Amino acid sequence: MKHLAIALAATGLMVAPALAQNATEIASVKAGKSCPKCNLFQADLSYTDMSGKDLTGARLRQADMSLSTADRTHFSGADLSIANMYGVRAAGANFSKVNLSQAILVGGYFSSANFAGANIAEANLSGAQLAGAKGLSAAQLKLACGDDKTTLPKGLTIAPCR
């Protein structure tokens, strides 16, 4: 093992260790507490009520938030890439500057949610209710996909998922 580490170091291929989820922080969020900048990587937060909490800058990459409630939750600057947000209710939530790339937002309800500066590249918005969302742009939606059940703010369109 020592020889492998020396060989990798010599070639410049050293890899940083993966940042595993933090069970204490996950339990805190499940208990209804705010947790800004927490490491919630791959957390199972399905059916969890996170309404009104501060998760600013949290790492929620690959988290399962299906059928959870996040009304008025602050996610600004968080990493929600590849997250499963199927059927989530996030009315009035703040997703500004959030990484939602490759996230599943199928059937989600996002009335009055703020998506200003959010990365939604390759996100699936099929059936999502976004008509009252703020900060969405044509440029953002050009990189995502949806279906005929996706509702968007007036004047915006989305390509169908393949």
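Modeller: Happy to! A disulfide is a pair of cysteine sulfur atoms within 2.5 Å. This is a predicted model, and the structure holds 2 disulfides.

Biologist: What makes Cys35 and Cys38 a disulfide?

Modeller: Their sulfur atoms are 1.6 Å apart, and the cut-off is within 2.5 Å. The pair therefore counts as a disulfide.

Biologist: Why is the disulfide of Cys35 and Cys38 called left-handed?

Modeller: The torsion about its S-S bond is about -70 degrees, so the name is left-handed. Both Cys35 and Cys38 are buried.

Biologist: How do you know that Cys145 and Cys161 form a disulfide?

Modeller: The S to S distance is 2.0 Å, and the limit is within 2.5 Å. This disulfide is right-handed, because the torsion about the S-S bond of Cys145 and Cys161 is about 85 degrees. Both cysteines lie in the segment after α3, so the bond ties together parts that are 16 residues apart in sequence.

Biologist: Where is Leu67 found, and why is Leu67 called partly exposed?

Modeller: Leu67 sits in the loop between α2 (23-30) and α3 (138-142). Its relative accessibility is 38%, so Leu67 counts as partly exposed. Together with Tyr47, Tyr86 and Ile104, Leu67 makes a nonpolar surface patch of about 430 Å².

Technical notes:
Residues are numbered from 1 along each chain as its sequence is written. This is a predicted model: local features need pLDDT of at least 70, side-chain atom pairs count only at pLDDT 80 or more; totals for chains, interfaces and linings use all residues. Side-chain values use heavy atoms; hydrogens and water are left out. Patches are made of residues with over 30% relative accessible area and no salt bridge: like charges are joined within 9 Å, nonpolar side chains (Val, Leu, Ile, Met, Phe, Trp, Tyr) within 5 Å. Accessible areas come from the Shrake-Rupley method with a 1.4 Å probe; for residues, only the protein chains shown count as cover. A salt bridge is a side-chain nitrogen of Lys or Arg within 4 Å of a carboxyl oxygen of Asp or Glu. Helices (H or I, at least four residues) and strands (E, at least two) are DSSP runs, numbered from the N terminus. Buried means under 20% relative accessible area, exposed over 50%, partly exposed in between (1.4 Å probe, protein chains only).
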